[in-house]
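Student: I am new to this structure. Could you walk me through the terms as we go?

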Amino acid sequence: VTFRSDGSHMDPLVGFQPERWLSGDTCPASEYIPFGAGPRYCLGADLSLAEMKVFLAVMARNVESFELMQSSDTLSSMQWKTSSLFKIPADGVRVSVQPRI
């Protein structure tokens with residue numbers, strides 16, 4: 001939930017509006033901080049990041065191959081996030097995963 005100074009973010013009928021994420025005009029740009037910040041930073045943030053890395057490592061060991069679902073034309077015209085130090089696709093990348101048999 002995005003903080004609002006009028007307090008409406010605390011009202012479940014008014015504050016919870018998931019459809020706001022569907023449009024680029026209404027999607028919050030900087031309010032998304034998954035683990036919080038400052039003195040209210042999530043105590044489990046490091047644990048959850050470590051669990052995600054372990055999950056990805058275990059999953060990578062159990063798949064035969066990863067293939068991009070996009071053609072080279074699409075890759076050359078891909079949009080990149082500008083707020084990142086590293087090149088990150090703006091809309092993600094579709095991947096096909098083949099399990100090991």
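Tutor: Gladly. Contact means heavy atoms within 4.5 Å. Of the contacts in the chain with a separation of 6 or more, 41% are between residues 24 or more positions apart. This is a predicted model, where local features need pLDDT of at least 70, side-chain atom pairs count only at pLDDT 80 or more, and totals for chains, interfaces and linings use all residues. Residues are numbered from 1 along each chain as its sequence is written, and side-chain values use heavy atoms, with hydrogens and water left out.

Student: What makes up the chain, in terms of helices and strands?

Tutor: There are 2 helices and 2 strands, running α-β-α-β from the N terminus. Both kinds are DSSP runs numbered from the N terminus: helices are H or I with at least four residues, strands E with at least two.

Student: Why is Ser96 called buried?

Tutor: Its relative accessible area is 18%. Buried means under 20%, exposed over 50%, and partly exposed in between, using a 1.4 Å probe and protein chains only, so Ser96 counts as buried. Ser96 lies in strand β2 (residues 95-99). Leaving aside neighbours within four places in sequence, Ser96 is in contact with Ser65, Phe66, Glu67 and Met69.

Student: And why is Leu68 called partly exposed?

Tutor: Leu68, in strand β1, has a relative accessible area of 47%.

Student: How much of the chain is buried?

Tutor: Buried residues make up 11% of the 101 residues.
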